[in-house]
Amino acid sequence: MSENPATRHSTLPSTWQPGEVEAELYERWVERGYFSPSADSPAEPFTIVIPPPNVTGNLHIGHAFEHTLMDVLTRRERMRGKAALWLPGMDHASIAVHALVERQLVEEGTSRRELGRERFVERVWEWKRNYGGQILAQMRRLGDGVDWSRERFTMDDGLSDAVSTMFKRLHDDGLIYRAERMVNWSPVLRSVLSDAEVEYKEVEGELVSMRYGEGENSVVVATTRVETMLGDTAVAVHPDDERYAHLVGTEVELPLTGRRIPIVADSHVDPEFGTGAVKVTPAHDPNDFEIGRRHELPMRTIMDETGHIAETGTEFDGMDRFEARLAVREKLREQGRIVAEKRPYLHSVGHSERSKEPIEPRLSLQWFVKVEPLAKAAGDAVRSGQVAINPPEMEKRYFDWVDNMHDWCISRQLWWGHRIPVWYSPDGSEQVCLGPGEQPPPGWAQDEDVLDTWFSSGLWPFSTLSWPQDTADLRKFYPTSVLVTGYDLVFFWVIRMMMFGIYAMKQPPFRAIAFHGMVRDGNGKKMSKSAGNVVDPLAWIDEYGADALRFTYLRGANPGVDVPISEEWVAASRNFGTKLWNATRFAMLNGADPQAEIDTALLTDADRWILDACRELVASVDANYAEYEFAKVSDALYRFAWDEFCDWYVELAKVSLNSGDEARAANTRAVLGSVLDTLLRLLHPVMPFLTETLWTALTGGESLVIADWPTVREQPVDQQARTRIEDFKKLVTEIRRFRSDQGLKPGQRVAARLSGLDSAGVEGLLPAVRTLVRLNEPGQEFSASAALEVGLTGAVAGVELDLSGAVDVAAERKRLEKDLSVAEKEHKGCEAKLGNEKFVANAPEDVVAKVRTRLEAAAADIERITARLAGLPE
RNA sequence: GGGCGCGUAGCUCAGCGGGAGAGCACUCGGUUUACACCCGAGCGGUCGUAGGUUCGAUCCCUACCGCGCCCA
């Protein structure tokens, strides 16, 4: 504060080297505790919990994007005086980690079963200590202002207690049950998967039609999974289907098995599809399962947990399902039972999202959450407006999920994760569900399965704040302010967090949900390893700095819309950072002083205009943040900083600084300092490193992280100053255009005489015009050889130039003709509108008046340009 | 098959009832005392197609074509 502005510039190097200072700045922020709000703070809380990244993961381009948004929001709220908490952590990624460590064991020639459960889990923790959580270090590179003192992991003791507490509550409320159901089975993982972990893909398979039974009593059925016929326990037809009416109630022989199976009538069969008769495999197909239940059919499981045929008593036992598919088909062919084959047959098949193989529908005993009451509450919270979804269009997708959710299968046949807190008596006749700290009766055995990772993720917004303990953190920071996540994750953690939050905490876990899009490459293509267009955000941080990457993300972040990103755009953002750097350097070299008093009496039009523009910028940035319109925020900042401040104000400030009027120059230094100060504050959430460096140098303040967010100053808008500056800009631009047309070098000075500036009210800006467009005062021998006229708000300004005879008339004529045709088009358009009676009668008064004004202006332009063209030498 | 979204300048995207915009790319000029990661000037669009509503449609409605996503 006491530092002399004139000497501060010595602390600012001539170029910005992000790589040299980012890490140091970051660690300083963390050490000073800026990111760790106190639960005792009197300030209003602002909370974001990180959607927990996977412990196996690295910071990919999508995380970096999402983190930028969260960091921007949190940093801004901190500057606005909130007790801002961004809570970091990771989930344990049950399936991913389990599979990863299991693979390692296989490579070492052993297996998890050989190792045993206890040692396997130890092994996983060891892996986590050595290799897990790399993303946490990478988040520091990006500048994530998270509170590391509150970091959480879903497998930590506290969060594990939260899991078992929640399980027990739901269980005791009858919202968790165990049942034998058709589930999505992964033969590779040997575990069940939730519906959300299955992705449907079109595949080229085959549709095989085969005949069951003999002669008149035979039926033809078709399937893409021939091997499942071994588990058929019926054939179903539509009850109204006359073709098969005589067969309903009879039996046919199921080939290869010697079994006889009934033909049943079921109204869910589509008589239009295929032959109208379908094979029924209740233990291996969801639809068939339902038919089986309705008709009390036997449910024959014909595969083991690895997808191999088992216990059918046929030659196919022991074969993998795909091998059996071919073998069964060929056997049927030998027996003459294949009546048709369609190949390739395009159809949709569910695949395991994690292990990629086709899932196998399978009858299995699992634990489920009864979601109906929970999902209804989650839907109501949005319907009632308690939770706002941004952008609102995403509500539909949310309701689609919430309103049509199936019960959630939460057990997994894995070892890494939260073990289901249910114990069985030695004879299996009794079971008990226990909460944390409760002991099962001696000799009872705990359920072997673990819980779906999403179960613990669903608790994340409050388990991370120490729930079920009633702590100061929980009271202060729950519910969280906003969940920032991709629209693809609606059904993963969003709905689960909503359901659990409302159930356990009696209020939704966030006040708002801000959905963002997916990061795509510069051509709008989805990034994927196979397309080879995946980029590493860390490489770009190395090359261009974290701020450049962050700014690029923000510029592309329209709510809910995909974000394309490419290296050239990151480079462009880096250029923007450099521009700011240089502008600040210029300001400091000229003694810009943000603390100096601004004497309003001495303000020039330029000062008034930029202060007003700056004021509007603050308002616009605030308004757009409120709507999560990040792209509009950054666009406004970019344009103000570059187009208004650097391109015009700084140039005008030079005129003032060199005017020799010390009082005026001092005032300009104060305005320069003030505007830059505001601009750097506004940019800080997006570009924390660069702005911190510049701002501390400019102001001598401690840190921008904890500086105040700008407020909209109560200051009258000087509309006249704005008009004069707009006129000034137009005048300068037109003269530059004329010079360019005439082939004058930008630096070449020419003598000129200007007129009409006084009646336009911009005579005070004459010195600035002369400086910006290199016009000398007309001397003794001044002889105007070229001239132009510029229509300003209040008058027409005349500019006569002495080009020493060398006038390019052709160029001037071309320019005038172009201007004329623009004016004529405008004139014609306005005339047509005003000539339309209905327009004049129906259009609002102000619209009609505006068109009249435009018509007059166009007419004046036409007259002036025509006269000038007529006066040009041939 | 059902649902949602999108087709605007070479590229990526704003705008969404009354004068077509931005960034990048491109062309020309440039040793202007902050900046060539720059400065100045410029080129570039029948706003997917066809109808309709309206005094007026890139904007609203309908159909179609193309692309993407989600669900079955």
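**Entry 1: R669**

I looked up the contacts of R669 first. Leaving out residues up to four places away in sequence, R669 touches N590, G591, A592, D593 and A596. I note here that the model is predicted.

Where does R669 sit? I found R669 in helix α22, which covers residues 662–683. Next I asked myself: is R669 buried or exposed? I counted 23 other C-beta atoms within 10 Å of R669. R669 is buried, because 20 or more is the cut-off.

R669 and A592 are 77 residues apart along the chain. Their C-alpha atoms are separated by 4.3 Å.

**Entry 2: helices α20 and α24**

I turned to a helix pair. Two packed helices are described by the angle between their axes and the distance between the axes. I looked up both values. Helix α20 (residues 605–626) packs with α24 at an angle of about 105 degrees. Their axes are 8 Å apart. Therefore I call α20 roughly perpendicular to α24.

Which residues make the contact? From α20 I listed D605, A606, R608, W609 and D612. From α24 I listed A721, R722, R724 and I725. I sorted the residues of this contact into four nonpolar, no polar and five charged.

**Entry 3: a sheet of four strands**

I moved on to an open sheet. Four strands form it, in the order β10-β11-β9-β12. I noted that the pairing is mixed. Strands of a sheet pair through backbone hydrogen bonds, either parallel or antiparallel.

I marked β10 (251–253) and β12 (277–280) as the edge strands. Each of these pairs on one side only. From one strand to the next, the twist averages 30 degrees.

I followed β9 (residues 234–237) to β12. Four bridges join the two strands, which run antiparallel. I picked out A234, whose bridge partner in β12 is V280. Helix α9 (residues 286–295) packs on the sheet. I saw that α9 touches β9, β11 (260–265) and β12. The direction of α9 makes about 85 degrees with that of β12.

**Entry 4: around RNA strand B**

I finished with RNA strand B. How many residues are around RNA strand B? I counted 43, and N575, F586, K838, N842 and A843 come nearest.

I also checked which helices supply this surface. α19 (567–589), α21 (630–657), α24 (719–741), α28 (837–842) and α29 (845–871) each supply at least two residues. The largest share, 11 residues, comes from α19. I divided the residues of the surface into 14 nonpolar, 13 polar and 16 charged.

Note on methods:
Residues numbered from 1 in each chain as written. Chains lettered and ligands numbered in written order. Predicted model: local features only at pLDDT ≥ 70, side-chain atom pairs only at ≥ 80, totals over all residues. Near = placed C-beta within 6 Å. Nonpolar A, V, L, I, M, F, W, Y, C, P; charged D, E, K, R; others polar. Pairing = 2+ DSSP bridges. Axes fitted to C-alpha atoms, helices over the stretch in contact; angles between N-to-C directions. Contact = placed C-beta atoms within 7 Å. Buried ≥ 20, exposed ≤ 12 C-beta atoms within 10 Å, placed from the backbone. Parallel < 35°, antiparallel > 145°, perpendicular 65-115°, else oblique.
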